[in-house]
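Hello,

Here is the structure I promised to pass on. Please open it alongside this email, and my notes on what was found follow below.

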Amino acid sequence: MQISYSKNEEKFRDKVRLWLKENVSDEIKDQTLGGSSLDTELMVKWHKKLYQKGWVAPEIDKKWGGSGFSQTENFIFGYEYARSGAPRLKTKLIAIGMLTPLLLQFGTKEQQERFIPDMISGEIQWAQGYSEPDAGSDLANLSTEAVLDGDDFIVNGQKIWTSMADYAHWMFMLVRTDTSGKKQQGISFLLVDLKSPGITIRPTEALTDHEPFCEVFFDNVRVPKENLVGKINEGWNIAKVLLEHERLNAFPVGEVIAALEIVVKNAEKINFRGKPLLEDPVFRRKLAVLDVDCKAFLYTFFRILSKLQSGSAPGPETSFLKAYGAELYQRVMDLSIEVMGPYGQSWYNLKEYGNPVHQATMGWVNARSLTIWGGASEIQRTIIATQVLKLPRK
Ligand SMILES: Cc1cc2nc3c(=O)[nH]c(=O)nc-3n(C[C@H](O)[C@H](O)[C@H](O)COP(=O)(O)OP(=O)(O)OC[C@H]3O[C@@H](n4cnc5c(N)ncnc54)[C@H](O)[C@@H]3O)c2cc1C
């Protein structure tokens with residue numbers, strides 16, 4: 001099998017590569033950790049810069065402020081983007097990667113026109129209110145309730161691990177609107193202005209010393225009923241489609257390959273028993289295993305890409321990308337730290353070794369979260385077993 005780009009696609013790749021080289025500053029690279037950006041203000045600034053270039057939403061139609069790239073151009077862009085050291089933007093993943101396609105599929109014309117352009121330009125930031133203290137892996141167990149009162153829903157309850165809630169202007173959330181049937185049946189999907197009276201937001205510190213997520217409390221919060229997406233009590237299907245988009249966009253394949261390329265570069269520089277580490281057979285064996293696994297991941301990604309090109313929805317197969325991509329990235333990070341020897345203990349970035357992002361301990365710690373957010377790996381495996389391989393539940 002020969003996989004290569006056409007001449008035009010190569011030209012496109014070179015143009016993207018050059019622009020990123022000239023625009024991804026050291027300041028941005030230094031704030032990128034385990035692929036994500038830690039400084040929210042810098043992240044928003046970079047989002048706006050990409051928007052001005054017309055490249056913040058490669059997969060979305062130009063009509064909405066997206067780039068209107070083909071699936072292949074989108075892949076090339078994502079690959080070059082990850083290799084440039086630019087951060088995976090939470091602002092983009094939540095608003096453009098998840099909510100925009102969802103509103104295009106299930107939202108009213110008014111909702112699309114009101115929300116999508118500002119999401120793409122980065123003027124309005126969004127948070128995702130799914131998880132609750134008793135509803136993580138078992139998401140349908142959620143209990144934050146919304147009761148219809150005239151033209152408003154009244155919302156009471158609590159969300160947890162809500163990324164960016166302290167910075168975002170709006171949040172999409174799942175609420176319980178009926179308790180009479182199966183727990184999946186009484187769920188609805190709401191869009192909520194985070195400045196509404198009755199909302200309290202409390203940031204939570206993570207192992208990396210940063211506060212990437214928050215607890216959000218709702219005390220008799222009024223939400224206009226035109227902010228309901230889809231029909232009342234039919235939010236579970238919408239929620240699942242959104243998760244497929246999250247999993248599709250969660251793990252840019254280029255990021256894993258770029259991280260492995262950095263491991264190789266560093267192994268050329270590190271001296272081991274009088275030779276570059278890269279020449280050590282034990283090390284080469286570990287590298288070869290990861291290299292083959294990265295290629296397998298890349299071709300799996302191509303397979304799902306072909307499905308999208310034929311107009312299908314992402315589907316439960318995206319759970320492969322999420323589970324395998326996250327675990328592969330963690331394995332690359334393990335080898336990265338090993339290569340660095342004593343330098344691998346550094347908590348902060350080390351500039352002298354390539355793109356410093358991937359080897360500092362803080363980056364390694366941050367990568368632990370990849371197998372939790374967007375649905376833990378165990379849950380992805382259950383989806384693969386039951387929905388893709390059609391195995392019995394017991
Ligand atoms: C960095 C980060 C950012 C996040 N951002 C957001 C956000 O913006 N919005 C949001 O809504 N949520 C967010 N989350 C929450 C995330 O979606 C949940 O943490 C995740 O779904 C797991 O839920 P939980 O933490 O309640 O763990 P639990 O569901 O309690 O799971 C604990 C462990 O038990 C395992 N387990 C649970 N049930 C099963 C089962 N049936 N079979 C096998 N194993 C099982 C899990 O795999 C896991 O290992 C974020 C999490 C992280 C780490």
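The ligand is surrounded by 19 residues, and the closest of them are Tyr130, Gly136, Ser137, Ser163 and Ala376. Strand 3 (126-129), strand 5 (152-163) and helix 12 (377-388) are the elements that each give two or more residues to this shell. Sorted by class, the shell has eight nonpolar residues, 10 polar ones and one charged one. Domain 2 (126-233) and domain 3 (251-388) each supply at least three of the shell residues. Please keep in mind that this is a predicted model.

Now for the protein as a whole. It is divided into domain 1 (7-88), domain 2 (126-233) and domain 3 (251-388), and it has 12 helices and 12 strands. The centres of domain 1 and domain 3, taken over C-alpha atoms, are separated by 20 Å. Of the 394 residues, 42% are buried. Looking at contacts between residues at least 6 apart in sequence, 70% join residues that are at least 24 apart.

Two helices are worth a look on your screen.

Helix 4 (residues 71-83) has 13 residues and reaches 18 Å from its first C-alpha to its last, close to the 18 Å expected at 1.5 Å a residue. Which of the residues in helix 4 are buried? They are Phe75, Ile76, Phe77, Gly78, Tyr79, Glu80, Tyr81 and Ala82. The partners that these buried residues pack against are helix 1 (7-23), helix 8 (253-269) and helix 9 (281-309). After helix 4 comes glycine 85, with a positive phi near 90 degrees.

Helix 9 has 29 residues and reaches 41 Å from first C-alpha to last, close to the 42 Å expected at 1.5 Å a residue. Its buried residues are Leu287, Cys294, Phe297 and Phe301. An α-helix has 3.6 residues a turn, so residues three or four places apart point the same way. The cover over the buried residues of helix 9 includes helix 8 and helix 10 (318-340). Just after helix 9, glycine 311 has a positive phi of about 90 degrees.

Arginine 13 lies in helix 1. Is arginine 13 buried, exposed or partly exposed? It counts as partly exposed, because 16 other C-beta atoms lie within 10 Å. Setting aside neighbours within four places in sequence, arginine 13 is in contact with Tyr5, Ile76 and Glu80. Two of those names, Ile76 and Glu80, are also on the list of buried residues in helix 4. Arginine 13 and valine 256 are 243 residues apart in sequence, and their C-alpha atoms are 18 Å apart in space.

Leucine 174 sits in strand 6 (residues 170-176). Leucine 174 is buried, because 26 other C-beta atoms lie within 10 Å and 20 or more are enough for that label. Leaving out residues up to four places away in sequence, leucine 174 touches Gly129, Tyr130, Leu142, Ile187, Phe189, Gly235 and Ala239. Leucine 174 and leucine 190 are 16 residues apart in sequence and 6.4 Å apart in space, C-alpha to C-alpha.

Finally, some backbone angles. Most residues other than glycine have a negative phi. Asparagine 220 has a positive phi, near 50 degrees, and is not a glycine. Asparagine 220 is found in strand 9 (residues 213-224), and it counts as exposed because it has 11 C-beta neighbours inside 10 Å. Arginine 273 is not a glycine either, and its phi is positive at about 50 degrees. The place of arginine 273 is the loop between strand 11 (271-272) and strand 12 (275-276). With 7 C-beta neighbours inside 10 Å, arginine 273 counts as exposed.

Terms used:
Residues are numbered from 1 along each chain as its sequence is written. This is a predicted model: local features need pLDDT of at least 70, side-chain atom pairs count only at pLDDT 80 or more; totals for chains, interfaces and linings use all residues. A residue is near a molecule or strand if its C-beta atom, placed from the backbone, lies within 6 Å of it. Helices (H or I, at least four residues) and strands (E, at least two) are DSSP runs, numbered from the N terminus. Ala, Val, Leu, Ile, Met, Phe, Trp, Tyr, Cys and Pro count as nonpolar, Asp, Glu, Lys and Arg as charged, and the others, Gly among them, as polar. Domain bounds come from an automatic or database domain assignment. A residue is buried if 20 or more other C-beta atoms lie within 10 Å of its own, exposed if 12 or fewer, and partly exposed in between; C-beta atoms are placed from the backbone. Two residues are in contact if their C-beta atoms, placed from the backbone, lie within 7 Å. The expected span of a helix is 1.5 Å times one less than its number of residues.
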